[in-house]
Amino acid sequence: MLALRVRTNFSHANFLILCVASVHLAQWVTVPARFAAQLCGYRRHGTPNTSDNNDSQSKELGHALFEQLGVIAGQVGPTDPGTALEEATRLDLATRRPDLSIRRSRSVAEFSQYRHLAVLPSFSKTYKPVSRAMDELQELANRLPKSAEATKLKSALRRKVAQYAKQDVLTRQMLLEMPEEAILKVDLTVGGAGANDDIHMYAGVSAKWSLRTDRAQDCISQGSRLATQRRGAMPHFAVLTMEPRPAMLRILADGSGAIDCVYHLDLPALTRAIEEVASTKPSRWSPKRTFDRLIQQGRIRDYDELVRTVQRVPKTELLAESDSAPSPAGADPDV
């Protein structure tokens, strides 16, 4: 009986250890974007559509990444992979969380933290000088039969016109002096019900199929504006990309904090691609060292971590709105 009890306890302990190990293992298992390879393709000169034609390392890493993804030679990608990336991501996230409002190219002024940004532009568009609106009243007063009351009314109207004319001058001066800045639109936004039936912005994603210096700086600028213009909690803001070059990823991942992190559509495939290329280079090849450091610091993460971030958004009664805006047309430039 004692031996049986010991065996039973031992089996139970093994079961508990197995459960704990499974939980820890799940934290490290990554599930890349299932649509990643579908967006890949070769340009007419045989260059991967992730690569810069003027950058030999970009092409080398692009070919290695496509090999790891199983992209067949001659596969044709979408005409505009950037737009395709946005729509595929929106559809994937919206399918997982239909209770959220996940949309493309949405103005941040539609969210509770940034609604104040629309006040001045709206006022500027609808403003009409009050003194001019008084002209109609003066015209009606002038048609009144002569009387003491009519005289008092005309006199009062003249005083008000003069008063409002001064206010109109100040208002026009204010509108001229206020800076005109376009309200920021974010490639992908995740919104949910907030206080007072407002829509709260939980996350924003700048989707960039590949990166160039100007595109990277644009992402940093967006993150900075989201941080400085908000009135309320800062939404999670990150960049989603298929860029294979560690040097370009570093521009965003080593940034000033305007961007929380960079998500890659298939980080395991990129890791294998970089290791493969690094095996043909000197032992301390700097791109791999940069990449390893960014991974260790958690600055580059796999797509499935973006999915988990969205899944952690509190449940909401807000129904997701359809993204019915037409997709912009464009071509993938041979750069």
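A salt bridge is a side-chain nitrogen of Lys or Arg within 4 Å of a carboxyl oxygen of Asp or Glu. By that criterion R245 pairs with E243, their closest N and O atoms lying 2.7 Å apart. The model is a predicted one, and it holds 18 salt bridges and zero disulfides.

**Salt bridges**

- Side chains of opposite charge can pair when their charged atoms come close.
- In the pair R245 and E243, R245 is buried because its relative accessible area is 5%, and E243 is buried because its relative accessibility is 0%.
- Salt bridges with shared partners also join E86, E87, R90 and R104 into one network.
- K281 forms a salt bridge with E60, with 3.3 Å between the closest N and O atoms.
- This pair links distant parts of the chain, 221 residues apart: K281 sits in the loop between helix 9 (267-278) and helix 10 (286-296), whereas E60 belongs to helix 2 (residues 56-69).
- K281 is partly exposed, with a relative accessible area of 29%, and E60 is partly exposed at 31% relative accessibility.
- The side chains of R103 and E110 meet in a salt bridge at 3.9 Å, N to O.
- R103 counts as partly exposed at 21% relative accessibility, because the buried class requires a value under 20%; E110 is partly exposed at 31%.

**Surroundings of R90**

- R90 is located in helix 3 (residues 81-96) and counts as buried, since its relative accessibility is 11%.
- The side chain of R90 makes a polar contact of 2.9 Å with the side chain of E87.
- R90 and R103 are 13 residues apart along the chain, and their C-alpha atoms are separated by 6.5 Å.

**Helix 7**

- Helix 7 (residues 213-229) comprises 17 residues and reaches 24 Å from its first C-alpha to its last, close to the 24 Å expected at 1.5 Å a residue.
- The buried residues of helix 7 are A216, C219, I220, Q222, G223, R225, L226 and Q229.
- An α-helix has 3.6 residues a turn, so residues three or four places apart point the same way.
- The cover over the buried residues of helix 7 includes strand 2 (185-193), strand 3 (199-208), strand 4 (236-241) and helix 8 (246-253).

**Cysteines**

- C219, one of the buried residues of helix 7, has 0% relative accessibility.
- C40 is likewise buried, at 0% relative accessibility.
- A disulfide is a covalent bond between the sulfur atoms of two cysteines; the structure holds zero of these.

Terms used. Residues are numbered from 1 along each chain as its sequence is written. This is a predicted model: local features need pLDDT of at least 70, side-chain atom pairs count only at pLDDT 80 or more; totals for chains, interfaces and linings use all residues. Side-chain values use heavy atoms; hydrogens and water are left out. Helices (H or I, at least four residues) and strands (E, at least two) are DSSP runs, numbered from the N terminus. The expected span of a helix is 1.5 Å times one less than its number of residues. Buried means under 20% relative accessible area, exposed over 50%, partly exposed in between (1.4 Å probe, protein chains only). Contact means heavy atoms within 4.5 Å. A polar contact is a pair of N or O atoms within 3.5 Å; within protein, one must be able to donate a hydrogen and the other to accept it, and residues adjacent in sequence count only if both atoms are side-chain atoms. A disulfide is a pair of cysteine sulfur atoms within 2.5 Å.
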